[in-house]
Amino acid sequence: MAASQGVNVLRYSALVAGLVYGFYHQSSLSATARRAEADREYARQERLIEQAKAEWKKKTQPQDTNTSGVITDPENPKFDLEAFLKLKAGEV
């Protein structure tokens with residue numbers, strides 16, 4: 001009878017240890033999933049903010065009405081200062 005009590009203690013100890021490990025492992029998996037979801041949501045919001053900034057810039061940027069073909073936006077990589085100055089000198 002003493003041997004069966006030792007076996008029962010061992011069984012229940014293994015059961016409790018398994019339950020504790022399972023709870024710990026599940027909570028760590030859930031935390032990782034929540035963190036990943038929060039990261040995805042943050043990235044989505046960043047993309048939306050950048051898209052809104054680009055749309056706002058496009059909306060508020062003054063429209064070019066000149067037909068000379070000269071780019072007047074200094075932020076444009078194809079901006080030519082000499083052509084712009086010649087255009088302005090001809091308009092004055």
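**Side-chain contacts, entry by entry**

I began with Glu 82, which forms a salt bridge with Lys 86; their closest N and O atoms are 3.3 Å apart. Keep in mind, as I do, that this is a predicted model.

Next I asked myself: where do Glu 82 and Lys 86 sit in helix H2? Helix H2 covers residues 81-91, and the two are 4 residues apart in it, so about one helical turn separates them. I also looked up how open Lys 86 is, and at 57% relative accessibility it counts as exposed.

I turned to Arg 40 and Glu 37, whose side chains meet in a salt bridge at 2.7 Å, N to O. Both belong to helix H1, residues 2-60, and because they are 3 residues apart there, about one helical turn lies between them. Is Glu 37 buried, exposed or partly exposed? I found a relative accessibility of 41%, so Glu 37 counts as partly exposed.

Further along I noted Glu 55 and Lys 58, another pair of side chains joined by a salt bridge, this one at 3.7 Å, N to O. I checked their placing too: both lie in helix H1, 3 residues apart, about one turn of the helix. Glu 55 has 42% relative accessibility and counts as partly exposed. Lys 58, with a relative accessible area of 52%, is exposed. The cut-off settles that label for me, because exposed means over 50%.

**A serine and a backbone oxygen**

I stayed in helix H1 for Ser 28, which is found there. What does the side chain of Ser 28 have a polar atom 2.8 Å from? I found the backbone oxygen of His 25 at that distance. Ser 28 itself is partly exposed, with a relative accessible area of 30%.

**Aromatic rings**

Last, I searched the whole structure for aromatic pairs and found 1. Phe 79 and Phe 84 make up this pair, with 5.6 Å from centre to centre and 55 degrees between the planes, and it is tilted.

Phe 84 is buried, with a relative accessible area of 18%, while Phe 79 counts as partly exposed at 23% relative accessibility. The two labels made sense to me once I recalled the cut-off, because buried means under 20%.

Methods
Residues numbered from 1 in each chain as written. Predicted model: local features only at pLDDT ≥ 70, side-chain atom pairs only at ≥ 80, totals over all residues. Heavy atoms only, no water. Salt bridge = Lys/Arg side-chain N within 4 Å of Asp/Glu carboxyl O. Buried < 20%, exposed > 50% of the residue type's maximum accessible area, 1.4 Å probe, protein only. Polar contact = N/O pair within 3.5 Å; in protein donor to acceptor, adjacent residues only side chain to side chain. Phe/Tyr/Trp six-rings, centres within 6.5 Å; stacked < 30°, edge-to-face > 60°.
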